[in-house]
Amino acid sequence: MKKYTKIIAIVAVLAVIGVIFAACAKNVDTGDTSDAQETAKETLVMATNAEFPPYEFHEGDAIVGIDAEVAQAIADKLGMELKIEDVSFDSIIPGVQAGKYDMGMAGMTVTDERLTKVNFSDSYAKGVQVVIVPEGSDIATIDDIQGKKIGVQTSTTGDIYATGDFGEESITRYDNGAVAVQALVSGKVDCVIIDNEPAKSYVAANEGLKILDTSYADEDYAICFNKENTELQEKVNTALNELIADGTLQSIVDKYINAE
């Protein structure tokens, strides 16, 4: 009986040792998983409308441009993973308000109306609203636009300013600038009011168009945030100003916009 008792005792000890090793192994696995979770980057979701070259546009399946690269540089500084959502321009602010997106960046101008809905970062670029007309058009100045059919991109500042200046009845809205310009080419509208940089791209791609020498409006571009997310706003502002100070932002702009 003593012999069997010893055997039973040895088996029990081995069983205990096995449990200890298993527990240790489990702890090691759990530790590894925890470390992986700790090192996983938080996602920064940016809403844009990728129909606004050179600030954002499609290159194959990728969204590229000034805003895309600046946003990536900001995300890198914050240690975050950038995710870009391509949506209609007029859904960016409502999406940021609802918390669907962390921020909106789409060559967006700071206006008093928009400030009632979202907060903005410091300005990172200057925008100019211009007028595209067909060559030979009788529209030679801003004053000549009165009474004409004006094409704009929905909810942009071109839309807002033109509606205020020339009346709702003069405005035809389109989902993006490219569609508005095609309407101009086909004679559906007499002119298109849009930001200068995409305007240059559209004119270069469509023979027979030109940009009026006189600008329509000057404005500042900035990044929008949910009004309750002031922490992210402050972090992005810090990163943005570092990118301005060290020349990174200007190098990104120079990559897409040649000095004139």
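How many helices and strands does the protein have?

**Figure 1. Overview of the predicted model.** The protein has nine helices and 14 strands; helices (H or I, at least four residues) and strands (E, at least two) are DSSP runs, numbered from the N terminus. This is a predicted model, in which local features need pLDDT of at least 70 and side-chain atom pairs count only at pLDDT 80 or more, while totals for chains, interfaces and linings use all residues. Residues are numbered from 1 along each chain as its sequence is written, and side-chain values use heavy atoms, with hydrogens and water left out. Of the 260 residues of the protein, 43% count as buried; buried means under 20% relative accessible area, exposed over 50% and partly exposed in between, with a 1.4 Å probe and protein chains only. A contact is defined by heavy atoms within 4.5 Å. Among contacts between residues at least 6 apart in sequence, 72% join residues at least 24 apart.

**Figure 2. The largest nonpolar core.** A nonpolar core is a set of buried Ala, Val, Leu, Ile, Met, Phe, Trp, Tyr and Cys residues joined through side-chain atoms within 4.5 Å. The largest one holds 28 residues, of which Val 70, Ile 74, Met 103, Tyr 124 and Ile 223 touch the most other members. Two or more residues come from each of strand E1 (43-48), helix H2 (66-78), helix H8 (230-245) and helix H9 (248-256). Helix H2 gives the most, with six residues. In soluble globular proteins, nonpolar side chains tend to be buried together. Beyond residues up to four places away in sequence, Met 103 touches Leu 44, Val 45, Met 46, Ala 47, Ala 71, Val 96, Ile 223, Cys 224, Phe 225 and Val 236.

**Figure 3. The crossing of helices H2 and H8.** The axes of H2 and H8 come within 9 Å and cross at roughly 110°. Axes are lines fitted to C-alpha atoms, for helices over the stretch in contact, and angles run from 0 to 180 degrees between N-to-C directions. The two helices are therefore roughly perpendicular to each other, a term for angles of 65 to 115 degrees; under 35 counts as roughly parallel, over 145 as roughly antiparallel and the rest as oblique. On the H2 side, the contact is made by Val 70, Ala 73, Ile 74, Lys 77 and Leu 78. Residues on the H8 side include Leu 232, Val 236 and Leu 243.

**Figure 4. Asn 237 in helix H8.** Asn 237 belongs to helix H8 and counts as buried, at 15% relative accessibility. Leaving aside neighbours within four places in sequence, Asn 237 is in contact with Ser 121 and Asp 122.

**Figure 5. Helix H5 and Ile 171.** In helix H5 (residues 157-166), Thr 157, Gly 158, Asp 159, Ala 162 and Phe 166 are buried. Elements packed against these buried residues include helix H4 (112-115), strand E8 (125-134) and strand E10 (171-174). Helix H5 is followed by Gly 167, whose phi is positive, near 95°. Ile 171 lies in strand E10 and is buried, with a relative accessible area of 10%. Not counting residues up to four places away in sequence, Ile 171 touches Ile 150, Val 152, Asp 159, Ala 162 and Thr 163.
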